[in-house]
Amino acid sequence: MISGAHVILYSKDAEADRAFFRDTLEFAPVDAGHGWLIFALPPAEAAFHPADHNGKHELYLMCDDLPSEMARLREKGVVCSPVHQERWGSLTSITLPGGGAIGLYEPKHPTALSM
């Protein structure tokens, strides 16, 4: 029986990105040994999009009120990209300290989380 999922984000500055997830996004970590932090994430869902090449993956955090969440993050010094309105939701991105980016969006579609 599958009991969860483990997401890996590759980073040029993993320590800075771990601190961001712990201190700014306030995700609870567990030390897997030698200071290697693994974070508890909110409930998740997976979607498969068509692509010309395999291997590209993205992480989007979901929220119920994008403007409020962006304001909360702004108070912590986080800069979000301009909001894009798509048919499936309102979307912004957050640049991580290590240089990568994650998405943040408020879905307009039914989510698997409501099941």
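How many residues lie between β5 and β6 in the hairpin that they form? There are five, and Gly99 in the turn has a positive phi of about 105°. Helices (H or I, at least four residues) and strands (E, at least two) are DSSP runs, numbered from the N terminus.

This is a predicted model, in which local features need pLDDT of at least 70 and side-chain atom pairs count only at pLDDT 80 or more, while totals for chains, interfaces and linings use all residues. Residues are numbered from 1 along each chain as its sequence is written, and side-chain values use heavy atoms, with hydrogens and water left out.

**The sheet**

Select residues 89–95 for β5 and 101–107 for β6. The two strands pair in the antiparallel sense over seven bridges; strands count as paired if DSSP finds at least two bridges between them. Within this pairing, Gly89 has Pro107 of β6 as its bridge partner.

On β5, turn to β4, which is joined to β5 by three bridges and runs antiparallel to it; here His84 is opposite Leu91 of β5.

With these strands displayed, the open sheet of four strands reads β3-β6-β5-β4, with mixed pairing. Its edge strands are β3 and β4 (84–86), each of which pairs on one side only. Neighbouring strands are turned by 30° against each other on average, direction ignored; axes are lines fitted to C-alpha atoms, for helices over the stretch in contact, and angles run from 0 to 180 degrees between N-to-C directions.

**Helix α1 and the core**

Select α1, residues 14–24. Asp17, Arg18, Phe20, Phe21 and Thr24 of this helix are buried (under 20% relative accessible area; exposed is over 50%, and partly exposed lies in between, with a 1.4 Å probe and protein chains only). The buried residues of α1 pack against β2, α2, β5 and β6. Just after the helix, Glu26 takes a positive phi of about 60°.

Now display the largest nonpolar core, which has 18 residues. Such a core is a set of buried Ala, Val, Leu, Ile, Met, Phe, Trp, Tyr and Cys residues joined through side-chain atoms within 4.5 Å. Among the residues with the most contacts inside it are Phe20, Leu73, Ile94 and Leu104. At least two core residues come from each of α1, β2, α2 (66–74) and β6, and α2 gives the most, with three.

Centre on Phe20: leaving aside neighbours within four places in sequence, Phe20 is in contact (heavy atoms within 4.5 Å) with Leu25, Val78, Ile94, Leu96 and Pro97.

**Trp36**

Move to the loop between β1 (29–31) and β2 (37–39), where Trp36 is found. At 52% relative accessibility, Trp36 counts as exposed. Beyond its neighbours within four places in sequence, Trp36 is in contact with Arg18, Val30 and Asp31.

**The cysteines**

A search of the whole structure finds zero disulfides.

Key: A disulfide is a pair of cysteine sulfur atoms within 2.5 Å.
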